[in-house]
Amino acid sequence: MLSKLSNFNINNKNFLIIFFLSSIFALTVQQFLLFKGNIVVIIHAIELFNDNKLQNDWIASQTDHIPVFTYINYILIKLFSIKILYFVHFILLSLCALSLFLISKSIYLNLEKSDFIIVWFTFFILIFHENSFFSGVAGQSIIDAGYQPASYGVLFFLGIYFFLINKNFLSILFICIGASFHPTYIIHSGFLVLGFSMYFFLFKKYSELFKIFLYYSFLILPITIFVFFNFLNLDRDTTILGQEILMKRIPHHADIHYWFSYKDVISLIIYFISLILIKDKAKLFISLGIFGCCSILLSTIQYFLEMNSLALIFPWRSSVFLMPISSIIIISFLIDKIKGKLLNKKKFIYAIFFSISIFFGLKSHVLENLNSNFEKKIFLFNEIKKYYNEVDSILVPIDTVSIRLNTGLPIFINHKHHPFKHNEIIDWDLRLKLANNFYDAKNLDLQNRFLKEIIELEKISHILFKKSQFYPECKDLIEDDDYILIEISDCYKN
């Protein structure tokens, strides 16, 4: 079996078909507009340019937890333009489909036939867009419509494929690159490489075991050192308080009692079914078995012991890799079993594939069009930008997002975007409470008192209010149905 695996490589005759179908899949996904939602993670790259005031933004001045992601994006934007990030995300989406297919093809060799390839991609598009069998637990997924560091986790899939075809250095290289882009993946890279190591140990391939240990130690060390000295090397009290704040901020990701449900039991069942289906394919079986069991073991410990330090390494995040792989293993197994019924039905297979692709393409880009609501907010951003030269920093309602990058102007704080270093998240929490107290105040005297505390931390020149909130009767600088913008010097005595 292993000799057959090594005979299949990325340069086979069907590669162009696979690449084309992967690109069609990527086109069915409507990418979020840049600067929407979680894309604020590129603020550290954007603030390095001189066409904005983000160098003065508090979040931009905090420790960057994704330095590789930042500097790669900075270089790409500098060489091309900000829109190059759409293309990068398109490549990552395509690579996700491509890598998962190559893993499938490595264990089910009948998928080499073009008709079966198209059937596989039809099911893959369905699984991705349906999402239940593609995303991991705790509301996390490896890649979606938004460009973010987590998307580089698709390089893990490429690493698994190279491991299956005995390209061990390339395997470890891509896994470590993925973890370097998104350091949350460091522990999961360790789970996966432990699975590889166990395979080599059980089959007494000690030289290969030593090599991958050497490769992994060397390649994962830089980002691990960065994380340790920048985020973990803090005093105990600061760490404990920072962890408590972070747990309250992201319970949907970090608190297993908050997010665990019957859906996650289904995910576990799918994972174990996939292991049963590949039990005679030792290389993948052992690797995925160890990968998943490490995650399940630590997640179970966290469920009963409730340790914040364990919760915040997100051991269950391995599911973002395991769910897509488990699902495609099951789909590939079924295709392999019904392959006889698929013969001589080329026209039907092609019709179904293009129908599914067109349907989800139209659903994403036209029917749902998740960018449409965001586009309505662009009017507000443009109104604020009229005062670009006058604004030092803006105090905004804490649930208001996307203003920073869309205006190029600093804001005091919001609830969604927080730093990751424990001492910095303590400061974030303080700022959040001050902003919340200000907007909750129902008279000018109380607002003025909280505003003085805010200005002691940062030079705020303007305040954005929702029209539903209490605000002083003074000049509104913008024309918007939902918000007003005022200048502090015109409205408050400080």
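Figure 1. The largest cavity holds about 60 Å³ of space. Here a cavity is a set of points, on a 1 Å grid over the protein atoms alone, where a 1.4 Å probe fits but cannot get out. Its volume is the space filled by probe spheres set on the points, with grid points joined across faces, edges and corners. This is a predicted model, so local features need pLDDT of at least 70 and side-chain atom pairs count only at pLDDT 80 or more, while totals for chains, interfaces and linings use all residues. Residues are numbered from 1 along each chain as its sequence is written, and side-chain values use heavy atoms, with hydrogens and water left out. The count of cavities of 30 Å³ or more comes to one. Twelve residues line the largest cavity, and V40, S402, I403, R404 and H417 lie nearest its centre; a lining residue has an atom within 4 Å of a point. By class, this lining has six nonpolar, five polar and one charged residues. Ala, Val, Leu, Ile, Met, Phe, Trp, Tyr, Cys and Pro count as nonpolar, Asp, Glu, Lys and Arg as charged, and the others, Gly among them, as polar.

**Figure 2. An open space: the second largest pocket.** A pocket is an open set of grid points with protein on both sides within 12 Å along at least five of seven lines. About 390 Å³ of space lies in the second largest pocket. It is lined by 20 residues, and F260, D264, L268, I296 and S299 are the closest to its centre. Which helix gives the most to this lining? It is α15, with six residues. At least two lining residues come from each of α13 (256–259), α14 (262–277), α15 (282–305) and α17 (319–337). Helices (H or I, at least four residues) and strands (E, at least two) are DSSP runs, numbered from the N terminus. The lining divides into 12 nonpolar, seven polar and one charged residues.

**Figure 3. Salt bridges.** The whole structure has 10 salt bridges, each a side-chain nitrogen of Lys or Arg within 4 Å of a carboxyl oxygen of Asp or Glu. In one of them, K281 pairs with D280, and their closest N and O atoms are 3.5 Å apart. Are these two partners buried or exposed? K281 is buried, at 13% relative accessible area, whereas D280 is exposed, at 57%. Buried means under 20% relative accessible area, exposed over 50%, and partly exposed in between (1.4 Å probe, protein chains only). Another salt bridge joins K459 and D392, with 3.6 Å between the closest N and O atoms. This pair links distant parts of the chain, 67 residues apart: K459 is in the loop between α23 (444–457) and β2 (462–466), and D392 is in the loop between α20 (372–385) and β1 (394–395). D399 and K466 also meet in a salt bridge, at 2.6 Å from N to O. D399 lies in the loop between β1 and α21 (403–407) and K466 in strand β2, so this pair ties together parts that are 67 residues apart in sequence.

**Figure 4. Helix α4 and its buried residues.** The expected span is 1.5 Å times one less than the number of residues. P67, F69, T70, N73, L76 and I77 are the buried residues of α4. They pack against α3 (43–46), α5 (84–107), α8 (168–181) and α10 (206–232).

Figure 5. The 17 residues of α9 (residues 186–202) reach 24 Å from first C-alpha to last, close to the 24 Å expected. Its buried residues include I186, F191, G195 and F200. Just after α9, K204 takes a positive phi of about 55 degrees. I290 is found in helix α15 and is partly exposed, at 22% relative accessible area. Leaving aside neighbours within four places in sequence, I290 is in contact with F191, L194, G195 and M198, where contact means heavy atoms within 4.5 Å.

Figure 6. A138 has a phi near 60 degrees, a positive value in a residue other than glycine. A138 sits in the loop between α6 (114–130) and α7 (154–164) and is buried, at 6%. Phi of E306 is near 50 degrees. E306 lies in the loop between α15 and α16 (308–311) and counts as exposed, at 51%.
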